[in-house]
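Please keep the sequence and the model in view while reading.

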Amino acid sequence: MNPLITFCMICKNEEKFIRQCLDSVKDFVDEIIIVDTGSTDKTMEVAKEFNPVIIEHKWNNSFADARNAGLDRAKGEWILFLDADEKLNCSDTNKLRNLARDNKACAYFLRLFNLVGKNMNDCHEEQSSVLRFFRNHPNVRFQWEIHEQIGGSLQKQFPFDPMEYLEDISITHYGYLNDIVIEKNKMERNFSMIKRKIEEDPYNAFHHYNLAGEYMRKGSYEDALQSLKKSRSLCKTIKSVGFGFQLVRKEMVCLLKQNYLEEAYETSIDALKLFPNSPDLHFYMGEVAYELGLYNTAINSYINAMKEKDVPKNYSRNLTISKEKAPFMLASLYERVGKKKKAIDYYERVLHHNPKHPGSMERIITLCQKKENELVEKLLFITQDDQVLENYLINLYVSDCFGAAETIYLFLTDRSKEKYNSIHQKIILLRYDNLSMVNDKRIKTIYQYVIKKKVLPSNEEDDFLRFLRSGEWPDNKMPTVDDYTELEFTYKLAKKKGYVEVSSVLLRLWEYFINIEKNHLIRGEWAWYLASNLFKEEMKILNDKGATTQFSMVLGGINDG
């Protein structure tokens, strides 16, 4: 009797991911077939722990050939296939097996959550549907050397059997995080393969579409846009091809990236006629309308982007759009047109989904500054996670919301008093001007220097305190998070007492920090909060145009990161 489900995979040098992948499928399948195209690391050593059939396949620049080598050996009535840098998410081990036994459809689409961004700590999820579970048959084989497809072969073999979508089984894909793309040299490999296919078949719309995707990954949006337009010109109609929606979606991204606003506006109108229930397309329309000053259109578009009820299962989506990006932009727009209450509601909506969202956190604190009790209630309702509340505490302190900051501090002290004690002592000095409650020597020294005009000792070894005494910072010495912390505190003391000269000196030190750190990510949360605060409030002191430009560049770099 043949096994029910065979799992097939092709791989090369996947020791980092293969165990996770095989662990995720081992309880669902009866047979595992691994086609190795030349691994030189420990991939096969790990794979053998799962008792697979291993096929050594000489790489011939065709992903379809490698996958078909696995299908040729598969004995299962059904095939499940994943890449090594993916994992299956399914809590019910009987689900796939029951579907295979029922045999009502010829194939199933699974939800794919593609992690997109720099790395695991800085990414978002994009959702799409991919055909990964299908009925085995000798005539069903993959087509195309790169971005290989099985759907056409299945439709030809089983023309009257449906292909269905599964909601409760999904796949997570890690392979297009930037650090992994660079590590595997995927971009160079894909470019060469796709360009060769275009030379062989220049009128194939799918090849030009795939080339656009690689250009986008590289950041070459003008080249990507031209490839997408070429692809579109080769399609009978956009809706006649399976990748039509994605083509339009990528066109909108490229037009926005290139700031072709008028063309983007016209394109978005046409796109929404074809695909009216896409949150992503409504969001892009909102972005274009916002930039063109069409605020009512932008508001309606952002509201539509948050609707998820009728989104077709085959639409690809950036999942942060409905939950974060659209409500944040809507809040920003409401704030801009003076609708403060609505703005606060939508900033809260973002924070309920992502309590760490920095823009929403900063804006809700700014808008609620005069109602600190209400602000604390909102923040504690959003989250009681220690790490997130620590971020709120820092932001409240930097924003001069000392009452709210002290309340959050008292909430946190039940868990870790020492960790937040330094911030509390600074709040005491800034709020109550009470030195008797402070025992931190460094904080006392700074307070006595700024407020009491006490001379700092000449043997001081602390870089920041030495700067306060001499006005000089050590050459090429990078500031620490503590240095940023004390710069913020000293600046606040000077500002509170109206010591403009001291404030100006401190801002010049910050300008120097920017110059020596311009090629590095600014260190720590303190740096970001200080930067954003000073940039918004004190640019009149930093009146040097070069400093202002550099300041903007650094802030822009932090936001992009």
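**Basis of the report**

This is a predicted model, in which local features need pLDDT of at least 70 and side-chain atom pairs count only at pLDDT 80 or more, while totals for chains, interfaces and linings use all residues. Residues are numbered from 1 along each chain as its sequence is written, and side-chain values use heavy atoms, with hydrogens and water left out.

**The chain as a whole**

The protein chain contains 25 helices and nine strands. Helices (H or I, at least four residues) and strands (E, at least two) are DSSP runs, numbered from the N terminus. Of the 561 residues in the protein chain, 53% are buried. Here buried means under 20% relative accessible area, exposed over 50%, and partly exposed in between, with a 1.4 Å probe and protein chains only. The chain exposes about 27,000 Å², of which carbon and sulfur atoms supply 46%; such areas come from the Shrake-Rupley method with a 1.4 Å probe, and for residues only the protein chains shown count as cover. A contact is defined by heavy atoms within 4.5 Å. Among contacts between residues at least 6 apart in sequence, 64% join residues at least 24 apart.

**Two nonpolar cores**

A nonpolar core is a set of buried Ala, Val, Leu, Ile, Met, Phe, Trp, Tyr and Cys residues joined through side-chain atoms within 4.5 Å. The largest such core has 134 residues, and F134, L281, L393 and L396 have the most contacts inside it. Helix α19 (residues 402-432) gives the largest share of this core, 11 residues. A second, separate core has 35 residues, including L4, F50, L99 and Y108. Which residues does L393 contact, leaving aside its neighbours within four places in sequence? They are A405, I408, Y409, L412, Y420, I423 and I427.

**Strands β1 and β4**

In a regular strand the side chains alternate between the two faces of the sheet. Strand β4 (residues 78-81) is covered on both faces, with W78 and L80 buried on one side and I79 and F81 buried on the other. Strand β1 (residues 5-11) pairs with β4 in the parallel sense over four bridges, where pairing requires that DSSP finds at least two bridges between two strands. Within this arrangement, F7 stands opposite L80 in β4.

**Helices and their lysines**

Helix α7 (residues 186-200) has 15 residues and spans 21 Å from its first C-alpha to its last, close to the expected 21 Å. The expected span of a helix is 1.5 Å times one less than its number of residues. The buried residues of α7 include K186, N190, F191 and M193.

Two further lysines are placed in other helices. K378 belongs to helix α17 (residues 372-382), and K378 counts as buried because its relative accessible area is 16%. Apart from residues up to four places away in sequence, K378 touches I344, E348, I364 and C368. K426 is in helix α19 and is buried, at 1% relative accessibility. Beyond its neighbours within four places in sequence, K426 is in contact with Y397, I443, T485, E486 and F489.

**Residues in loops**

The loop between β2 (31-36) and α2 (43-47) holds G38. Excluding residues up to four places away in sequence, G38 touches K12 and N13. G38 and W59 are 21 residues apart in sequence, and their C-alpha atoms are 7.3 Å apart in space.

**Cysteines**

A disulfide is a covalent bond between the sulfur atoms of two cysteines. The criterion used here is a pair of cysteine sulfur atoms within 2.5 Å. How many disulfides does a search of the whole structure find? The search finds zero. C21 is in no disulfide, and the nearest cysteine sulfur, that of C11, is 9.2 Å away. C21 is buried, at 0% relative accessibility. C235 is also buried, with a relative accessible area of 10%.
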